[in-house]
Structure formats: structure tokens, C-alpha cells
Amino acid sequence: MKHFKPKAWVLPQPVLIIGTYNADGTPNAMNTAWGGQWDSNEIMISMGSHATTDNLNRCGDFTIAFATAQTMTAANYVGITSARHDHDKITMPGCENETV
């Protein structure tokens, strides 16, 4: 069993789906596992450089949802597929019954 020093961590880390819109209005989503409660009124998300980060810098509108067992395939796909390479990745075939 892993033992951690006292830190303000929430474990296990939730997988969060961040939804934004690209500059042309097409929807975009990514997942991040580095997020948690900052205080009673805010959450904190640590993100690197992504198309979603660009969208947030351009326009601050976004949504956040928890990935679930029911959305696992779609959540995995938006996490491993870059909108910089697949601009319309949100229309992933095979996940018609999943909503991210």
C-alpha cells in the first residue's frame, strides 16, 4: 500500500471533462485528472497547453463534468485525441449512446 505524506490531495483523482468551443464554434472537450476542490466556492484544475487551453484563453466559457463508467469510452477518446489534430473529435464514431 502506498503511503503519502500529509498533503491536501483528494484521492483517487477524479477524471474531469472540460468542454469548450473552438474559435469557429465547434464543440471541443478534453479530460484532466488534475483537479480538485480549492475551497468551499472554487475548484482548481491544472492544465497544460491544449486546444482547450487556447479556447479558455480566447473565451472563458466552459463546462466541467465528471467522467463516469457510462462515459468511459468517450472520456478516454477526448483525453487521447487532440483537437489540434482532429478538429471535430467530439463527433467520435461508436459513442452515439455516450454523452461527454
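Trainee: How many helices and strands are there in the chain?
Mentor: This is a predicted model, in which local features need pLDDT of at least 70 and side-chain atom pairs count only at pLDDT 80 or more, while totals for chains, interfaces and linings use all residues. Residues are numbered from 1 along each chain as its sequence is written, and side-chain values use heavy atoms, with hydrogens and water left out. Helices (H or I, at least four residues) and strands (E, at least two) are DSSP runs, numbered from the N terminus. By that rule the chain holds two helices and five strands.

Trainee: Which strands form the open sheet, and in what order?
Mentor: Strands pair if DSSP finds at least two bridges between them. The pairing here is antiparallel. The edge strands, each pairing on one side only, are β2 (27–32) and β5 (63–66). The order of the open sheet is β2-β1-β5.

Trainee: By what angle are neighbouring strands of this sheet turned against each other on average?
Mentor: Axes are lines fitted to C-alpha atoms, for helices over the stretch in contact, and angles run from 0 to 180 degrees between N-to-C directions. For this sheet average, direction is ignored. The value is 25°.

Trainee: Over how many bridges do β1 and β2 pair?
Mentor: Their sense is antiparallel. Thr20 stands opposite Asn28 in β2. The hairpin of β1 and β2 has five residues between the strands, and there Gly25 takes a positive phi near 95°. The count of bridges between β1 and β2 is six.

Trainee: And what is the bridge partner of Ile17 in β5?
Mentor: Strand β1 (residues 16–21) and β5 pair in the antiparallel sense over four bridges. Gly19 has Thr63 as its bridge partner in β5. For Ile17, the partner in β5 is Ala65.

Trainee: How many residues of β1 are buried?
Mentor: Buried means under 20% relative accessible area, exposed means over 50%, and partly exposed lies in between (1.4 Å probe, protein chains only). β1 is mostly covered, and of its six residues the number buried is five.

Trainee: Which helix lies across β1 and β2?
Mentor: Helix α2 (residues 72–80) packs on the sheet and touches β1 and β2, its direction making about 95° with that of β2. The one lying across β1 and β2 has residues 51–58 and runs at about 55° to β1. Its buried residues are Ala51, Thr52, Thr53 and Asn55. This helix is α1.

Trainee: Is Ala51 buried or exposed?
Mentor: Ala51 is in helix α1. Contact means heavy atoms within 4.5 Å, and, leaving aside neighbours within four places in sequence, Ala51 is in contact with Asn28, Ala83 and Arg84. Because its relative accessibility is 12%, Ala51 counts as buried.

Trainee: Which residue forms a salt bridge with Arg84?
Mentor: A salt bridge is a side-chain nitrogen of Lys or Arg within 4 Å of a carboxyl oxygen of Asp or Glu, and the structure holds one. In this pair the closest N and O atoms are 2.9 Å apart. It links distant parts of the chain, 30 residues apart: Arg84 is in the segment after α2, and its partner is in helix α1. That partner is Asp54.

Trainee: Is Gln37 buried or exposed?
Mentor: Gln37 is found in strand β3 (residues 35–37). Leaving aside neighbours within four places in sequence, Gln37 is in contact with Glu42 and Ile43. Because its relative accessible area is 62%, Gln37 is exposed.

Trainee: Which residues make the nonpolar surface patch?
Mentor: Patches are made of residues with over 30% relative accessible area and no salt bridge: like charges are joined within 9 Å, nonpolar side chains (Val, Leu, Ile, Met, Phe, Trp, Tyr) within 5 Å. Ile64, in strand β5, counts as partly exposed because its relative accessibility is 32%. The patch covers about 270 Å². Its members are Ile43, Phe62 and Ile64.

Methods: Accessible areas come from the Shrake-Rupley method with a 1.4 Å probe; for residues, only the protein chains shown count as cover.
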